[in-house]
2 protein chains.
Amino acid sequence: MTTPDKPAPKRAAGRKALAPWRAIRADILSRIQSGDWGPGSHLPKEVDLAASYGCTRSTVSRALRDLAEAGFLERRRKGGTRIAENPVRKARLDVPLLAEAILRAGHTATCRTLRAGMRPLPAAVARRLGRPAGLPVFEVLTLHLADDRPHFLEHRYIDPRLAPGVEGADLTASGIDVWLLHNAPFSRLEIALSAVPARGEVAEALNLPPQSPCLLMERASWRREQPLGLLLLYHAAGVPVLAHL
Amino acid sequence: MTTPDKPAPKRAAGRKALAPWRAIRADILSRIQSGDWGPGSHLPKEVDLAASYGCTRSTVSRALRDLAEAGFLERRRKGGTRIAENPVRKARLDVPLLAEAILRAGHTATCRTLRAGMRPLPAAVARRLGRPAGLPVFEVLTLHLADDRPHFLEHRYIDPRLAPGVEGADLTASGIDVWLLHNAPFSRLEIALSAVPARGEVAEALNLPPQSPCLLMERASWRREQPLGLLLLYHAAGVPVLAHL
DNA sequence: CAGTGGTCTAGACCACTAG
DNA sequence: TAGTGGTCTAGACCACTGA
């Protein structure tokens, strides 16, 4: 882009020859952040931007789409492109396998199944999943250890009809999450984070004084439009969950 | 796609006429989730997929790129495309303006500035930001209320050199976050979530019993590659942060 | 070094929606 | 209803990387 007719040395010399659409994205982003374009203001339409950058509309479109997905821009068919008023910025939250999260932190990951078996779905969980209470579900309580010290506690309720065979899953080699990944992958995931006091078996398993703060991550998952199960994941206080923009 | 030579009625009749690349994405995803393609296995190369779907490589590419960004696939130039072994699924975490988060929940949003002024950067914050302790920074402590009840406590440290004019910002009309959005937008954001006990002024401001669990969201932001500031956001226990896949 | 994905072009049709 | 973005095609060159 920006080159007239010669073969173009693919980008003078400078850095690492950013791909054109990335360069355009960076340019527009810098204009937004420098204040050239304030929140709510309109950008030129794609065709005009393409002309000014000396490339095709597709290339500009790629850059704008990316910025829109990141939450910086809002686009509408006839309304054009504008700087987002309320930047509901979209941060990315990594959701790794449980053992992997520990390994990444540089620890040895092991886990111990504390309890596993069928039981009627508790009312509180039923409400969260939109399932009738009392439904027979498979429950697993697993303690994950980092370097042999309690790291987090995994408490799952799984609908066996959507995960045929869970009851016989081998939980000695790896966590139930690995089994689920291979045998009953979810298609939708909803995550809620909150802080709760450690109580009863949670406090005991994590070796925390009762009432001490615990980070609770609730993950409700769906499979084929149906509620597959609920995961309650308790982190000892202070273990952070990371996201980035 | 999948149409031979006739003009094509743009997609039989069924639903809402999904765009071709979306249809392809859905098809591949369903094949992954039905177990046709297990974790680690290879997908056909783009050209072959394009042929089998009866469309161009670009269209297939669009679908595969999207799945790769979502964490379902891993792609390499000569290595081809394969089902992700460890699906570090990427969930989206909404990061709205503070007042907006309250409004969305259907409450009236107001805020009260408890403290604002210059002070030396505390050591703990300095470490988190990679800045020398003692650096003069602007500190703001704001209580956000939902229907006049304490909802969350916002504690900010801002480097005034990267946000010229903060010291004189009008904090009566709207929160400091709105001011920052217009005057010193960040370019990078790192979020960490943890559970902490409510202590001192945090407990007092949120009207919580001391030591009760609090959800702490730390947001470190950068501007032009430099640390702009740190936000410590305390939610009363139980207020959830939502993400989705 | 050869194969695969990454990206760009030039052009086209279409869907949504603001005015 | 007209203007804008959303998407597709057909083809091309190039960058990265596995064998």
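**Close-up views of a predicted model**

**The surface near DNA strand C draws on both protein chains.** Helices H1 (20-33) and H3 (57-69) of chain A, and H3, strand E1 (73-76) and strand E2 (80-83) of chain B, each supply at least two residues of this surface. The structure is a predicted model, in which local features need pLDDT of at least 70 and side-chain atom pairs count only at pLDDT 80 or more, while totals for chains, interfaces and linings use all residues. Residues are numbered from 1 along each chain as its sequence is written, chains are lettered from A and ligands numbered from 1 in the order in which they are written, and side-chain values use heavy atoms, with hydrogens and water left out. Helices (H or I, at least four residues) and strands (E, at least two) are DSSP runs numbered from the N terminus. H3(A) gives the largest share of the surface, four residues. By class there are four nonpolar, seven polar and 14 charged residues. Nonpolar here means Ala, Val, Leu, Ile, Met, Phe, Trp, Tyr, Cys and Pro; charged means Asp, Glu, Lys and Arg; the others, Gly among them, are polar.

A backbone N or O atom of Trp21(A) is 2.7 Å from a phosphate oxygen. For Arg62(A), a side-chain N or O atom lies 3.5 Å from a phosphate oxygen. The side chain of Lys78(B) has an N or O atom 3.2 Å from a sugar or linking oxygen.

**E1(B) and E2(B) form a hairpin.** Three residues lie between the two strands. They run antiparallel and are joined by four bridges; strands pair if DSSP finds at least two bridges between them. Arg76(B) stands opposite Gly80(B) in E2(B).

**Chain B meets chain A.** Here 48 residues of chain B are in contact (heavy atoms within 4.5 Å) with 48 residues of chain A. The two chains bury about 4,200 Å² between them, 58% of it on carbon and sulfur atoms. Buried area is the accessible area (1.4 Å probe) lost on putting two parts together, summed over both. Across the interface the rule finds four residue pairs in polar contact, both residues at pLDDT 80 or more. A polar contact is a pair of N or O atoms within 3.5 Å; within protein, one must be able to donate a hydrogen and the other to accept it, and residues adjacent in sequence count only if both atoms are side-chain atoms. On the chain B side, E7(B) gives the most, with nine residues. That side divides into 28 nonpolar, eight polar and 12 charged residues. Strand E3 (residues 89-95) of chain A pairs with E3(B) in the antiparallel sense over seven bridges, and Leu93(A) stands opposite Ala91(B).

**Arg131(A) forms a salt bridge with Asp159(A).** A salt bridge is a side-chain nitrogen of Lys or Arg within 4 Å of a carboxyl oxygen of Asp or Glu. The closest N and O atoms of this pair are 3.5 Å apart. Arg131(A) is in the loop between helix H5 (123-129) and strand E5 (136-146), and Asp159(A) in the loop between strand E6 (149-158) and helix H6 (176-183), so the pair ties together parts that are 28 residues apart in sequence.
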